[in-house]
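Welcome! Please take a moment with the sequence and the 3D view below before reading on.

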Amino acid sequence: MEIVKKCEWCHKTFIGQMVTARFCSSKCCDQAYRYKRNQLTQLVYELSKAITPCEQSSVSNHHVLTNIEGAMRITGKAKPTIYANARKGIIPHYKRGNKLYFYEDELYQWIEGGRQNCYGINSEEMLKEIRQGIHHLPSSNR
Ligand SMILES: [Zn+2]
């Protein structure tokens, strides 16, 4: 069965072998595909720029060594609780002799553990946000 179709890329009419045929040639199909992929790449790039400040503010970047008192202050937990968690390997810590050491940023990340941060967005959610963003972004914003 032959159907007269219009190529979606070059808009020339052609005889399609299949109902699903959308392009007159594989070259047009390829170009249309590349065009769409470039558009998508651009959108993802714009989005990645938009989420960078969020990622920076959500996690403390202070890679500072602290002791048990510092861990108590940051986590708000009692000393025995922290010792117990460290022994179980739940809380990130370093042991030297019988002293425990902690990194402040690791404690903050541990507290935030389980919470989805910016990296948790999967590509489907990203595309959904892109589509919403297109409609919601006023041009005066730039
Ligand atoms: Zn074509």
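The model is a predicted one: local features need pLDDT of at least 70, side-chain atom pairs count only at pLDDT 80 or more, and totals for chains, interfaces and linings use all residues. Residues are numbered from 1 along each chain as its sequence is written.

**The whole chain**
- The protein chain has five helices and five strands; helices (H or I, at least four residues) and strands (E, at least two) are DSSP runs, numbered from the N terminus.
- Along the sequence, these elements follow the pattern β-β-α-β-α-α-β-β-α-α.
- Of the 142 residues, 6% count as buried; a residue is buried if 20 or more other C-beta atoms lie within 10 Å of its own, exposed if 12 or fewer, and partly exposed in between, with C-beta atoms placed from the backbone.
- Among contacts with a separation of 6 or more, 47% involve residues 24 or more positions apart; two residues are in contact if their C-beta atoms, placed from the backbone, lie within 7 Å.

**The three-stranded sheet**
- Three strands form an open sheet in the order β3-β5-β4, with antiparallel pairing; two strands pair if DSSP finds at least two bridges between them.
- β3 and β4 stand at the edges with a single partner strand each, so one side of each has no neighbour in the sheet.
- Strand β3 (residues 65-66) pairs with strand β5 (residues 99-103) over two bridges: the partner of Leu65 is Tyr103, and the partner of Thr66 is Phe102.
- Strand β4 (residues 94-96) is joined to β5 by three bridges, and Arg96 has Lys99 as its bridge partner there.
- β4 and β5 form a hairpin with two residues between them, and Gly97 in the turn has a positive phi of about 65 degrees.

**Helices against their surroundings**
- Helix α4 lies across β3 and β5, running at about 75 degrees to β5; axes are lines fitted to C-alpha atoms, for helices over the stretch in contact, and angles run from 0 to 180 degrees between N-to-C directions.
- The axes of helix α2 (residues 68-75) and helix α4 (residues 104-112) come within 10 Å and cross at roughly 35 degrees.
- Gly70, Ala71, Ile74 and Thr75 of α2 make this contact with Glu104, Leu107, Tyr108 and Ile111 of α4.
- By class, the contact has five nonpolar, two polar and one charged residues; Ala, Val, Leu, Ile, Met, Phe, Trp, Tyr, Cys and Pro count as nonpolar, Asp, Glu, Lys and Arg as charged, and the others, Gly among them, as polar.

**The nonpolar core**
- The largest nonpolar core has five residues: Ala71, Ile82, Ile91, Phe102 and Leu107; such a core is a set of buried Ala, Val, Leu, Ile, Met, Phe, Trp, Tyr and Cys residues joined through C-beta atoms within 7 Å.
- Leaving aside residues up to four places away in sequence, Phe102 touches Thr66, Gly70, Ala71, Pro92, His93 and Leu107.

- β1 and β2 run antiparallel and are joined by four bridges, with Val4 facing Ile15 as its bridge partner in β2.
- Six residues lie between the two strands of this hairpin, and His11 is found in that loop, between β1 (3-6) and β2 (13-16).
- His11 has a positive phi of about 65 degrees although it is not a glycine.
- Because His11 has 9 C-beta neighbours inside 10 Å, His11 counts as exposed.
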